[in-house]
Amino acid sequence: MKVGIDSFGCDSGRSGRGSYLVSLINALPETDSVSWELFGPEIDRYTYTENRALPFTSVHLPDSLIMERLWHICSCPSFTKKCSYDAVLYAAGPQILPFRYARPGVVIMNDILSSFLKDEDSGLYKSILIKSLSSADCIIAGSEYVKQDLERCRVRPKRLEVVYSGIDHGIFTPIGKTENTVVDIKPFAIKRPYIIYPSRMHGEAKKHVELIKAFSVFKERTGAPHRLVIAGSEGKYFQSIRNEALSSQYASDIFLTGYFPHENFGDLYRNAEACVFPSVNEGVGLPVMESMASGLPVACSSSGALHEIAGDGAIYFDSDSIDDMASCIERIISDSALRESLVQKGLKKAEEYSWEKTARRTVEILESVCG
């Protein structure tokens, strides 16, 4: 079986989709029955193959979302047929998809489709997207929450399977916590103690502004020395987030890293005091999973799939309530018994997730759609 993997729309590894694809590729089983080939923009030639050598076919297009979508609608079917793929794995969820599938298509869907449709400007693409998703041979939903959202949006593929994301337990582990006052993670030097929010700055639903306000309330109430580290690529909401941080009386304790290499997140997590994750539209919440695996107590939004993913390994708050969020931050920092309980429960919950398990189930689905 020859499987094509589409890397378009995965931000060259610099987003949740890209991190997912890197981890999945690294965990794909080596077997004579399946051969893999990546295709995408030339910039991706070495992005996903550093630890796993796979053939790569470059598709030369202008660096434009519109052009990439047009190519998928008009040319991708004939391309996949010409490449003799037996099946194709589309990793970008709703961001970029073909209109029809000349070869069996499996779509990885970790996004909340209803939110994506709300934010999508092109009415034509919305219509194409629903038809494309419904034509897929299988959609791999990252959680029951994602699956239910697809069903509410009246997406009706041939199959809809829930496959949870994995965790790289070699990177995300409690082992290796430093005793130094400064965590040296090139090119950053971050002073402890700090609270971490790992999230790309590209949407209001991520609740960066609300977190900064809640952090300021927490600092005012407690006088605690903690810093807030927001680690993620700059998106279209970066300026408003930056302005909120600069206007806080605790601006000197708020650190926006910009893009942070995924392979360095392990050190960032395990040396933090807590992960606070206020995003309200998470279909997976991979940073929450990775934080638990790193032995970090977690407080997160009660919305989206986070309760499904974290279970009793986290405490939950209303992300629209600054006071509720600030109170949760205070609890998770000051209550040592709660912290220890969350750490132990989080570590146990994290054991349920592995990329080997995710990859194995993905291969089984690909084999089944090839019949």
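Axes here are lines fitted to C-alpha atoms, for helices over the stretch in contact, and angles run from 0 to 180 degrees between N-to-C directions. The model is predicted.

**Exercise 1. Describe how helix 1 and helix 14 pack.**

Step 1. Two packed helices are described by the angle between their axes and the distance between the axes.

Step 2. Read both off. Helix 1 covers residues 16-27 and helix 14 covers residues 355-369. Their axes come within 8 Å and cross at roughly 80°.

Step 3. Classify the angle. Angles of 65 to 115 degrees count as roughly perpendicular. Helix 1 is therefore roughly perpendicular to helix 14.

Step 4. List the contact. Helix 1 brings Tyr 20, Ser 23, Leu 24 and Ala 27. Helix 14 answers with Trp 355, Glu 356, Thr 358, Ala 359 and Thr 362.

Step 5. The contact holds 5 nonpolar, 3 polar and 1 charged residues.

**Exercise 2. Work out the strand order of the open sheet and find its edge strands.**

Step 1. Write the order. The sheet has 7 strands, arranged 3-2-1-4-5-6-7, with parallel pairing.

Step 2. Take the edges. Strand 3 (56-58) and strand 7 (160-162) each pair on one side only.

Step 3. Neighbouring strands are turned by 20° against each other on average, direction ignored.

Step 4. Strand 6 (residues 138-141) pairs with strand 7 in the parallel sense over 3 bridges. In strand 7, Val 162 is the bridge partner of Ala 141.

**Exercise 3. Characterise the second largest pocket.**

Step 1. Give its volume: about 570 Å³.

Step 2. Locate its centre. The lining has 24 residues; Val 22, Asn 26, Asn 51, His 262 and Glu 263 are the closest to the centre.

Step 3. Assign the lining to elements. Helix 1 and helix 14 each supply at least two residues. Helix 1 gives the most, with 5 residues.

Step 4. The lining has 8 nonpolar, 11 polar and 5 charged residues.

How values were computed:
Residues are numbered from 1 along each chain as its sequence is written. This is a predicted model: local features need pLDDT of at least 70, side-chain atom pairs count only at pLDDT 80 or more; totals for chains, interfaces and linings use all residues. Side-chain values use heavy atoms; hydrogens and water are left out. Helices (H or I, at least four residues) and strands (E, at least two) are DSSP runs, numbered from the N terminus. Angles under 35 degrees count as roughly parallel, over 145 as roughly antiparallel, 65 to 115 as roughly perpendicular and the rest as oblique. Contact means heavy atoms within 4.5 Å. Ala, Val, Leu, Ile, Met, Phe, Trp, Tyr, Cys and Pro count as nonpolar, Asp, Glu, Lys and Arg as charged, and the others, Gly among them, as polar. On a 1 Å grid over the protein atoms alone, a cavity is a set of points where a 1.4 Å probe fits but cannot get out, and a pocket is an open set with protein on both sides within 12 Å along at least five of seven lines; lining residues have an atom within 4 Å of a point. Grid points are joined across faces, edges and corners, and a volume is the space filled by probe spheres set on the points. Two strands pair if DSSP finds at least two bridges between them.
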